[in-house]
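User: I would like to learn how to read a structural model feature by feature, with the cut-offs stated as we go. Could you take me through this one?

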Amino acid sequence: MSKDENRFKVLYKDGSQIKDAGVRQILVDTETGVNYLVWKSGYAGGITPLMDSEGKVIVTKE
């Protein structure tokens, strides 16, 4: 992967930094295909892998 390529792609984005709810995004790692839920509000935030109903990590194949 070259420096010009981004490892993560944004699949979904919702919310606003202006509101208290913050910004929610779903990212996909282009190398592994693993999907992540990212939440950010002000100076706080978090990231976790997305799971399906069986508790398995969601993987997007490109």
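Analyst: We can start with burial: a residue is called buried under 20% relative accessible area, exposed over 50%, and partly exposed in between, with a 1.4 Å probe and protein chains only. By that scale Leu11 is partly exposed, its relative accessible area being 48%, and Leu11 is found in strand S1. This is a predicted model, in which local features need pLDDT of at least 70 and side-chain atom pairs count only at pLDDT 80 or more, while totals for chains, interfaces and linings use all residues. Residues are numbered from 1 along each chain as its sequence is written, and side-chain values use heavy atoms, with hydrogens and water left out.

User: Which elements does the protein chain contain, and in what order do they run from the N terminus?

Analyst: Elements are DSSP runs numbered from the N terminus, helices being H or I with at least four residues and strands being E with at least two. On that basis the protein chain has 0 helices and 4 strands, and the order from the N terminus on is β-β-β-β.

User: How do the strands form a sheet, and in which sense do they pair?

Analyst: In general, strands of a sheet pair through backbone hydrogen bonds, in either a parallel or an antiparallel sense. The criterion here is that two strands pair if DSSP finds at least two bridges between them. In this model 4 strands form an open sheet, ordered S1-S2-S3-S4, with antiparallel pairing. S1 and S4 are the edge strands, each pairing on one side only. Direction ignored, neighbouring strands of this sheet are turned by 15 degrees against each other on average; the axes behind such angles are lines fitted to C-alpha atoms, for helices over the stretch in contact, and angles run from 0 to 180 degrees between N-to-C directions.

User: Why is strand S2 described as largely enclosed?

Analyst: Of the 8 residues of strand S2 (residues 22–29), 6 are buried, so the strand is largely enclosed by the rest of the structure. For the protein chain, buried residues make up 18% of the 62 residues.

User: What does Asn35 touch, and is Asn35 buried or exposed?

Analyst: Contact means heavy atoms within 4.5 Å. Asn35, in strand S3, is buried with a relative accessible area of 4%, and, leaving aside residues up to four places away in sequence, Asn35 touches a list of residues including Leu11, Ile26, Thr48, Ile58 and Thr60. A polar contact is a pair of N or O atoms within 3.5 Å; within protein, one must be able to donate a hydrogen and the other to accept it, and residues adjacent in sequence count only if both atoms are side-chain atoms. The side chain of Asn35 makes one with the side chain of Thr60 at 2.8 Å, and the side chain of Asn35 also reaches the backbone oxygen of Gly33 at 3.3 Å.

User: How should I read an aromatic pair, and how many does the structure hold?

Analyst: A pair of aromatic rings is described by the distance of the centres and the angle of the planes. Rings of Phe, Tyr and Trp (its six-membered ring) pair if their centres lie within 6.5 Å, and planes under 30 degrees apart count as stacked, over 60 as edge-to-face and the rest as tilted. The structure holds 1 aromatic pair. The rings of Phe8 and Tyr36 have centres 6.3 Å apart and planes at 70 degrees, so this pair is edge-to-face. Phe8 lies in strand S1 and Tyr36 in strand S3, so the pair ties together parts that are 28 residues apart in sequence. Phe8 is partly exposed at a relative accessible area of 40%, and Tyr36 is partly exposed at 21%.
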